[in-house]
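Hi,

Here is the structure I promised to pass on. Have a look at it first, and then read my notes below.

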Amino acid sequence: MQPRNMSMSGVVDLAAVKAAQEAKAKAEQARAQAAREGGTGAVSPADLVIDVDEAGFERDVLQRSAEVPVVIDFWAEWCQPCKQLSPVLERLAVEYNGRFLLAKIDVDANQLLMQQFGVQGIPAVFAVVAGQALPLFQGAAGEAQIRQTLDQLVQVAEQRFGLTGLAVDPDAEPGGQAPAQPQEGPYDALLNAAAQALDAGDMAGAVQAYKNVLADDPAHPEAKLGLAQAELLQRVQGLDPQKARQEAAERPADVPAQIAAADLDLVGGHVEDAFGRLIDTVRRTAGEDRDAARLRLLELFEVVGADDPRVAGARRALARALF
C-alpha cells in the first residue's frame with residue numbers, strides 16, 4: 001500500500017477547547033493520584049511506547065493527550081508493512097525524548113477502536129492532541145515524511161495547546177512512574193468555568209471567562225482560541241439559518257447579511273465558503289462596510305487557527321482585495 005498523506009487541518013471543531021479542558025482535568029486527576037502514591041513525575045524512555053487496548057484507551061490516550069501528543073500506530077501481526085513502519089515509529093518516539101507518546105493498537109484485538117477512527121487499511125497512523133483526533137498518514141511511509149509529520153504535530157500541539165511533552169529520566173524505572181507533573185496554571189479555574197459555560201450553552205458566560213483570562217494575559221493561546229469560538233457560537237445562537245442564508249443570497253450588497261452567512265458557513269465546517277464570502281464582500285465595498293467585513297474575517301481566522309493553510313491562502317486573497 002502506498003503512503004497516503006492526510007491533512008492535519010480538518011473542519012473547524014468548535015468543541016476543541018472544551019474537549020481539551022476536559023482531557024486536561026482528567027489528566028490532572030491522574031497526576032494527583034500518582035503523586036499521592038509517591039510518583040516522582042518523570043518517565044523512562046521505555047514508557048514512551050505503550051500498547052493500548054479498548055479498556056485503557058481513555059486513560060492511556062485521551063487523558064494523556066492533555067499533556068503530550070499521542071501518536072497511534074494501528075497495526076497487526078500479519079501486516080508486513082506494519083513490521084517496517086512500527087520499528088521506525090518506536091525509535092523516533094525515544095529520539096524525540098518525550099515530545100510525543102507512541103500508542104500501539106493491535107486492530108485484530110481492538111476492532112471497535114479501528115472502526116471509531118475510520119481506519120480503512122493498515123498501517124495507519126493517527127494522533128490525539130488535547131482530546132482531538134488527527135489523521136496523519138496511511139501506509140509504510142518513509143522516515144523523512146514521518147519526521148516532517150511529527151515535527152508539524154509537535155509544533156501544533158505546543159503552539160495551539162501549550163503541550164510541551166513529558167519529562168524523561170533515563171534512570172527512571174519503566175512502568176513505575178506517572179507522567180511529568182506540571183505546575184497548575186494560574187488561569188485553570190477561569191478556563192474550567194468557560195468550559196462549563198460552553199457545556200451549559202451559556203455563551204455569554206464563556207465569553208466573559210475567556211476575556212477575564214486575556215485581561216491579564218493577552219497572548220494566552222487557549223483563551224484566545226476559546227474566546228473566538230465562544231463569540232462565534234454566541235453570534236449564531238439566535239440566527240435562523242434558512243432565513244439568514246436566503247437574505248444573503250437575495251442581498252449580496254447587504255454586509256451584515258453576508259457576515260451572518262459567513263458565521264453560519266464556518267460553524268457548518270465550510271471554511272473556504274466563509275472566507276470567500278467575506279473576501280468578496282471586502283472587494284466590492286468601501287469605508288465602514290469594508291472594515292466590518294475585514295474585521296469579521298480576521299476573527300474567523302482566529303477560530304480556524306493561524307497554522308491552517310486555508311488561513312494563509314485567505315490572508316493572501318484578502319491582501320489582494322484590499323490593495
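Leaving aside residues up to four places away in sequence, Arg-245 touches Ala-261, Leu-264 and Asp-265. Before you read too much into that, please keep in mind that this is a predicted model. Arg-245 itself sits in helix 9, which covers residues 241–250.

Now for the whole protein. You'll find 13 helices and 6 strands in it. There are 323 residues, and 48% of them are buried. I also looked at contacts with a separation of 6 or more: 74% of those link residues 24 or more positions apart.

Next, the cysteines. How many disulfides does a search of the whole structure turn up? The count is 1. The partners are Cys-79 and Cys-82, with 2.4 Å between their sulfur atoms. In case it's been a while, a disulfide is a covalent bond joining the sulfur atoms of two cysteines. The torsion about the S-S bond of Cys-79 and Cys-82 comes out at about 80 degrees, so this disulfide is right-handed. As for accessibility, Cys-79 has a relative value of 3%, so it counts as buried. Cys-82 has 2%, so Cys-82 counts as buried too.

Last, a pair of helices to look at. Helix 7 (residues 203–216) packs with helix 8 (residues 221–237) at an angle of about 155 degrees, and their axes are 9 Å apart. Angles over 145 degrees count as roughly antiparallel, so that is the label for helix 7 relative to helix 8. The two helices make a left-handed crossing.

Which residues meet there? On the helix 7 side they include Met-203, Ala-204, Val-207, Tyr-210 and Leu-214. On the helix 8 side, Ala-223, Leu-227, Ala-230, Leu-233 and Gln-237 are among them. Sorted by class, the contact of helix 7 with helix 8 has 11 nonpolar, 3 polar and 4 charged residues. Lys-211 in helix 7 and Glu-222, Lys-224 and Glu-231 in helix 8 take part as well.

That's what I have for now.

Cheers

How values were computed
Residues are numbered from 1 along each chain as its sequence is written. This is a predicted model: local features need pLDDT of at least 70, side-chain atom pairs count only at pLDDT 80 or more; totals for chains, interfaces and linings use all residues. Side-chain values use heavy atoms; hydrogens and water are left out. Axes are lines fitted to C-alpha atoms, for helices over the stretch in contact, and angles run from 0 to 180 degrees between N-to-C directions. Helices (H or I, at least four residues) and strands (E, at least two) are DSSP runs, numbered from the N terminus. Angles under 35 degrees count as roughly parallel, over 145 as roughly antiparallel, 65 to 115 as roughly perpendicular and the rest as oblique. A crossing is left-handed if the near helix is turned anticlockwise from the far one by less than a right angle, and right-handed if clockwise. Contact means heavy atoms within 4.5 Å. Ala, Val, Leu, Ile, Met, Phe, Trp, Tyr, Cys and Pro count as nonpolar, Asp, Glu, Lys and Arg as charged, and the others, Gly among them, as polar. A disulfide is a pair of cysteine sulfur atoms within 2.5 Å. Buried means under 20% relative accessible area, exposed over 50%, partly exposed in between (1.4 Å probe, protein chains only).
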